[in-house]
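Take the structure first, then the points below.

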Protein chains: 2
Amino acid sequence: MERLSIIVALDALGGNIEKVEKLARVLCGSVEGFKLGWPNLLPAGPRIGEAVRQACPQAMIIADLKLADIAYTMLQTAQHLPWADAVIAHSFLGVEGALDGLKEYLDKNNKKLVLVISMSHPGSREAIDPCLNRLINIARAVRPWGIVAPATRPWIIGIARRELGPHIKILSPGIGAQGAEPGTAIRNGADLEIIGRLITRSPNPEKIINKIKINYNKSNITNN
Amino acid sequence: MERLSIIVALDALGGNIEKVEKLARVLCGSVEGFKLGWPNLLPAGPRIGEAVRQACPQAMIIADLKLADIAYTMLQTAQHLPWADAVIAHSFLGVEGALDGLKEYLDKNNKKLVLVISMSHPGSREAIDPCLNRLINIARAVRPWGIVAPATRPWIIGIARRELGPHIKILSPGIGAQGAEPGTAIRNGADLEIIGRLITRSPNPEKIINKIKINYNKSNITNN
């Protein structure tokens, strides 16, 4: 089976290592990777990351920490993520004394940086989207591997692609529980769709993946 | 001994429960409280919060998560903090679908919300400070117990006080390792100074507290 351009957000499994491990094993090879955030890491600790790595060695594992602190504190946090291929932080932090240090640390440790430039909830229009130009400029200066832009306001994906060029990876949340249809983000120029509850809360996640595959095929979305 | 208006940031102790417990016991009664963030919570888990609570039952314990996600994910995270009196999140998230849900959850669980409206590092001038008016408006709408504004750019403390009124608590980081002198923030209108490495990296934290007390007295800073 070809891998779909999906990162599965494991948040809803709330630190249950057994469930996380089982799902990672079941979906291994059919999706691009998995995303672990604080709802898993706070109760279970970093070993939940190791569990995903063991369950699916070839997956891209993203530590979705939404890091949003000074460089010193972000580095103190990022050192506990040996199992992660990529780390998500917020672009609004700015470069000096924040993202400069984090980028340098992740580069040295052979990990990818992903910067949030817009979010999937409606409140993102209150302070984040009015700053979009500044946030894109910060991303341009930091040169992350990827950015996060929402499937719920897909024109932002288009702006990011135009401004940041063809090589940056665009990861897009907001699909399923948050309202956007699978395929929306990729049709608008994203590389990877982040899907959580639609998959993790299903009694049959493989069936959901197959449905999404049909949806992708209809939209002529090429799999990796 | 009167309690100084200080929250001790325990980040530099990096998840070492024994050290955190010992420091909380030594400083209990001489400072207002303690702040625990991801550098402690990621390696040690929520039990490090319980350890501080046991070491100093009367202290204000702040979970400095710098939460910066959609409401669903923040609630999934905040449920693991029974030991915390207050939780720090970012104002730039906006209200709808983010801070509205978090505020409601914390109110129900009798916990205080603290919103970051500006940060202590230089990069805060790149996207956060240009948005200050929007961020203050968001804080006004959410009605948190307190806000975070930096001692390194103390005029922001003054603006926040003027715009948000006399009752909101202003917590101020950036003192010590980040350059501002103890007393700077309070003289500019803050209620609590957040001090980390200056205290936690000292071989004699009590001596540092006494020095700060002398500094506060010189500035006529009233203790609680």
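H6(B) and H7(B) cross in a right-handed sense. The model is predicted.

**H6 and H7 of chain B**

- H6(B) covers residues 132-142, and H7(B) covers residues 155-164.
- Their axes come within 11 Å and cross at roughly 40°.
- From H6(B), the contact uses Leu132(B), Ile136(B), Ala139(B) and Arg140(B).
- From H7(B), Ile156(B), Ile159(B), Ala160(B), Glu163(B) and Leu164(B) take part.
- By class, this contact of H6(B) with H7(B) has 7 nonpolar and 2 charged residues, with no polar ones.

**H5 and H6 of chain A**

- H5(A) spans residues 95-108, and H6(A) spans residues 132-142.
- The two axes come within 10 Å and cross at roughly 45°.
- H5(A) is therefore oblique to H6(A).
- The crossing of H5(A) past H6(A) is right-handed.
- H5(A) brings Val95(A), Leu99(A) and Lys103(A) to the contact.
- H6(A) brings Ile138(A), Ala141(A) and Val142(A).
- The contact of H5(A) with H6(A) divides into 5 nonpolar residues, 1 charged residue and no polar residue.

**H1 and H3 of chain B**

- H1(B) packs against H3(B), residues 47-55, at an angle of about 25°.
- The axes of H1(B) and H3(B) lie 8 Å apart.
- Angles under 35 degrees count as roughly parallel, so H1(B) and H3(B) are roughly parallel to each other.
- H1(B) and H3(B) make a right-handed crossing.
- On H1(B), the contact residues are Ile17(B), Val20(B), Glu21(B), Ala24(B) and Arg25(B).
- On H3(B), they are Arg47(B), Ile48(B), Ala51(B), Val52(B) and Ala55(B).
- The contact of H1(B) with H3(B) has 7 nonpolar and 3 charged residues, and no polar residues.

**The largest pocket**

- The volume of the largest pocket is about 260 Å³.
- The lining of this pocket has 14 residues.
- Closest to the pocket centre are Leu13(B), Lys19(B), Leu23(B), Thr200(B) and Pro205(B).
- Three helices of chain B each give two or more residues to the lining: H1 (17-27), H9 (197-200) and H10 (205-218).
- Which helix gives the most to the lining of the largest pocket? H1(B) does, with 4 residues.
- By class, the lining has 6 nonpolar, 4 polar and 4 charged residues.

Key
Residues numbered from 1 in each chain as written. Chains lettered and ligands numbered in written order. Predicted model: local features only at pLDDT ≥ 70, side-chain atom pairs only at ≥ 80, totals over all residues. Heavy atoms only, no water. 1 Å grid on protein atoms, 1.4 Å probe; cavity = no way out; pocket = protein on both sides within 12 Å on 5 of 7 lines; lining within 4 Å. Points joined across faces, edges and corners; volume = space filled by probe spheres on them. Nonpolar A, V, L, I, M, F, W, Y, C, P; charged D, E, K, R; others polar. Axes fitted to C-alpha atoms, helices over the stretch in contact; angles between N-to-C directions. Parallel < 35°, antiparallel > 145°, perpendicular 65-115°, else oblique. Left-handed = near helix turned anticlockwise from the far one by under 90°. Contact = heavy atoms within 4.5 Å.
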